[in-house]
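This report goes through selected side-chain features of one protein model. Please keep the sequence and the structure in view while reading.

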Amino acid sequence: MARSISQEAFDELVRENIDDLGMEPSEALQDAIHTLSLQGVNLSGIVTCLPGETSPVIRCLDKLKQQLPSQLRDPVDDVVWTDIAVSFDELRALCSQDKANAAIATKNGAVELLCSLSSKIPAATSQAPLLSAFNALASLLHDVQSTGTFKISNGPRMIIGFLNDNKQNIDVLNSGFGVVASAATGDEILKESFMELKVDELIMEIMSIHKNAGIQNLYDAIRVLLTPDDSRVVASQVYGYARKFAKIGIAEALVDSLRAGLSSPDLVSACITLKAIAVNDEICKSISEIGGIDTILRCIEDSGEQGNKAVAKVCCSLLSKLAGSDTNKSEIVGKGGMDKLIKLSARFNDDPSVLQEIMSIISVLSLRAPENAARAVEAGAGDLAIQAMQKFPAAAQMQRNSCLMIRNLVVRNPENRTVLLNNGVEKYIRKAKQTHANCKDAATDALRDLGVDGYNL
């Protein structure tokens, strides 16, 4: 672990450089920073202003502390809360533009202060102070130290309380779930805290009240709660959370969001979120059973017709996840999925980021399914691979996905090998292998399963 230093010790080192070594203030500051960095000292949260100057973050925090009399014991009118909201906004701006400012604020008690102030905002006041407080809190929560302080300060219970009290207010819901997402990012303990507070049931209730209302941070919160991103934890509980989200109906609610199609402001977020919930075969099949695959295929068609790349990519990515179920593979292909995907590739043949997602889903559909691999080549997957690899030689991830798809198309289908080799696919795979480090293994496997000599060269 990196060594740490107090603000007082840092300031003293700068003063010694000035008083004892005769350095100019700016030189003394830079020398202190350089010396400590070489020694492996973590300067996160340390104010590194010139002597006599004050950090704008510290000024903002001092102003907040001064704006409420007697540690919140005295009544506070709306005018004061309006002024406090301005300070919240100032703090959010400072922390959003520079994570170093968020570290300074956290080290100087900002999280505790904002939790305390937020909990005292009366329901009768305007929503502006509450929105400003939530937005500022979200900008502060950037590491496990800040989120740990948030938990100790009773932050999770406070946020869930406000969300429960404001189920009809979309703005408060969006800002509040922004805090949930920030607090739970990279922190397994906070994820567990929110689940203990029944955030899943609250989310389900809000989704039933507000359909396609554009509450983007609600989707972010679900995704974060279901992401195993805490490096301190060996076995995350998030997969159990995903099963619980699916069981209480959130997966079904997300499919309902998709049914609104490209007119919905929630479509992209709903796709990404549904993918996070689809963690096992049972959930993937249940999504299909309620019409999820039909809905996604329709969105894929519409995205091609309307030229919407963002929707095309997330729908293909979601379909890839659902195709992990062998039952779903058959349904996707049976509903014309291969033809729809090849048609989509023709519409976006100028964008390798879309093509790589299409190749990914075709690869999954063809895995251990020779009948699907045959159908894919009939639909034009082989031509797609060759044309894309020829057209976008610098697109490393697309080249890799193409190699993976080719392997699955040919490993159990000797007839496909002949078709692809006759069309000259070997030279493009070898070029990808030589050009991109991330393609080496995938290209080697593709060449081997194509049956060519020297596949490992």
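## Arg448 and its salt bridges

Arg448 is partly exposed, with a relative accessible area of 33%; buried means under 20% relative accessible area, exposed over 50%, and partly exposed in between (1.4 Å probe, protein chains only). The side chain of Arg448 meets that of Asp449 in a salt bridge, 3.3 Å from N to O. A salt bridge here is a side-chain nitrogen of Lys or Arg within 4 Å of a carboxyl oxygen of Asp or Glu. Asp449 is buried, at 13% relative accessibility. Both residues belong to a network of salt bridges that links Arg407, Asp445, Arg448 and Asp449.

The model is predicted: local features need pLDDT of at least 70 and side-chain atom pairs count only at pLDDT 80 or more, while totals for chains, interfaces and linings use all residues. Residues are numbered from 1 along each chain as its sequence is written, and side-chain values use heavy atoms, with hydrogens and water left out.

## Other salt bridges

The whole structure has 22 salt bridges. One of them joins Lys191 and Asp229, with the closest N and O atoms 3.0 Å apart. Lys191 lies in helix H11 (residues 188–196) and Asp229 in the loop between helix H13 (216–225) and helix H14 (238–247), so the pair ties together parts 38 residues apart in sequence. Helices (H or I, at least four residues) are DSSP runs, numbered from the N terminus. Lys191 is buried at 0% relative accessible area, whereas Asp229 is partly exposed at 31%.

Another salt bridge connects Glu12 and Arg15, at 2.9 Å from N to O. Both lie in helix H1 (residues 7–19), three residues apart, about one turn of the helix.

## Aromatic rings

How many aromatic pairs does the structure hold? There is one. The ring centres of Phe134 and Phe162 are 5.6 Å apart and the planes are at 75°, so the pair is edge-to-face. Rings of Phe, Tyr and Trp (its six-membered ring) pair if their centres lie within 6.5 Å; planes under 30 degrees apart count as stacked, over 60 as edge-to-face and the rest as tilted. The pair links distant parts of the chain, with Phe134 in helix H7 (residues 128–140) and Phe162 in helix H9 (residues 155–165), 28 residues apart. Both Phe134 and Phe162 are buried.

## Cysteines

The structure holds zero disulfides, a disulfide being a pair of cysteine sulfur atoms within 2.5 Å. For Cys403, the nearest cysteine sulfur is that of Cys439, 5.2 Å away. Cys403 is buried, at 0% relative accessibility.

Key. Helix = DSSP H or I, 4+ residues; strand = E, 2+ residues; numbered from the N terminus.
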